[in-house]
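We will go from stop to stop, picking residues and looking at what surrounds them.

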Amino acid sequence: MTGFIDLANGCKTAVLALLLLLNLYQFRYLFMLYRHRKIRLLLWNLIPAAFVFCAMPFLGNSVFRDSGVLKDLPVAAILLIWLCLVIYTTAAVVSEMRQAKEMLTSNSIKEAFDTLPAGICFFSERGLPVLCNKQMYRLAYQIQGKDLQMLKELRAALDAPVGGVESLQSKEGKTCRLPDGTVWLFSENKTVNDNGTAYIQIKATDVTKLHELREKLAERNLELEDMITQVQRVAENMAEITRQQEILTAKMRVHNKMGNCLLSARQYLAQEL
């Protein structure tokens, strides 16, 4: 069986290169375990990585010196061990990547925070932004005309926004209509974490549809008020209209009776003659 010492220097270098690539692959997997805080599994997989790392110097001595502890190790055994470790590491990396997609990590939380349709920003008590999502940065830039930096600047911009942004009256809080026609409601409240640190939370909610419904409701209320006013006027004049109708009816009765009397008198006079 061909030993490692019997290979040509080029083949020896190629085998060492394969071991080096395998070792880098193993350390990548170890780094994944470290990021996911799987310390026990990391220590267990550190053993084969350390074995490959320590074997390379011993095999490297036989490239030019034709000596070393592992110089007589069969090439087939080296390649078999290399193949087994590659298959094991690949399967472990794939499994870890699948688990990582289902894990709740800081990156996944930040990604979900950034993709929220609402704008959210947490400020320290000094007014410095601590955590903001992309939506809030976009809204703040449109309202201020510059990037979000301080809480007091955002408050001032909500009271007097830049040109193109309309400040609306609302009982719920400060409301702004942006140039694209969307309406956003900004609310502010304080929150405290588990360590007792206080933060100021600014939340922006898209209330465009709600605002449109309120405007339509206000228009219909005005129309309803006009109709009520007209009904009240009709009700106020109803007594006068009824009295006039009764007078008209009485006049018609008198007129009919007078007509009948005149007609009877005329017929009587005609008969006498």
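Start by selecting Cys121, which is buried, with a relative accessible area of 0%; buried means under 20% relative accessible area, exposed over 50%, and partly exposed in between, with a 1.4 Å probe and protein chains only. Before going further, note that this is a predicted model, in which local features need pLDDT of at least 70 and side-chain atom pairs count only at pLDDT 80 or more, while totals for chains, interfaces and linings use all residues. Residues are numbered from 1 along each chain as its sequence is written, and side-chain values use heavy atoms, with hydrogens and water left out.

**The disulfide**

Cys121 and Cys132 are joined by a disulfide, S to S 1.8 Å; the term covers a pair of cysteine sulfur atoms within 2.5 Å. Cys132 is buried too, at a relative accessible area of 6%. Colour by secondary structure, where helices (H or I, at least four residues) and strands (E, at least two) are DSSP runs numbered from the N terminus. Cys121 sits in strand S1 and Cys132 in strand S2 (residues 129–132), so the bond ties together parts that are 11 residues apart in sequence.

How many disulfides does a search of the whole structure find? It finds 1. Cys84 is partly exposed, at 44% relative accessible area, and Cys261 is exposed, at 51%.

**The nonpolar cores**

Next, select Phe123, Met136, Leu148, Leu154, Phe186 and Ile202. These have the most contacts inside the largest nonpolar core, which has 20 residues. Such a core is a set of buried Ala, Val, Leu, Ile, Met, Phe, Trp, Tyr and Cys residues joined through side-chain atoms within 4.5 Å. Strand S1 (119–123), helix H5 (134–144), helix H6 (151–159), strand S5 and strand S6 (198–206) each supply at least two residues of this core. Apart from it lies another core, of 10 residues, among them Leu16, Leu19, Leu22 and Val86.

Zoom in on Phe123. Beyond its neighbours within four places in sequence, Phe123 is in contact (heavy atoms within 4.5 Å) with residues including Leu128, Leu148, Leu154, Tyr199 and Ile202.

Move to Asn23, in helix H1. Is Asn23 buried or exposed? Asn23 is buried, with a relative accessible area of 3%. Setting aside neighbours within four places in sequence, Asn23 is in contact with Ala49, Val52, Phe53 and Met56.

Then select Gln26, Tyr29, Leu30, Asn45, Pro48, Ala49, Tyr88 and Thr89, which line the largest cavity. On a 1 Å grid over the protein atoms alone, a cavity is a set of points where a 1.4 Å probe fits but cannot get out, a pocket is an open set with protein on both sides within 12 Å along at least five of seven lines, and lining residues have an atom within 4 Å of a point. About 50 Å³ of space lies in this cavity. Helix H1 (9–35), helix H2 (39–64) and helix H3 (75–102) each supply at least two lining residues.

**The second largest pocket**

For the last stop, select Val183, Leu185, His211, Arg214 and Glu215, which are among the residues lining the second largest pocket. Strand S5 (183–192) and helix H7 (208–272) are the elements that give two or more residues to this lining. H7 gives the most, with 5 residues.

Methods
Points joined across faces, edges and corners; volume = space filled by probe spheres on them.
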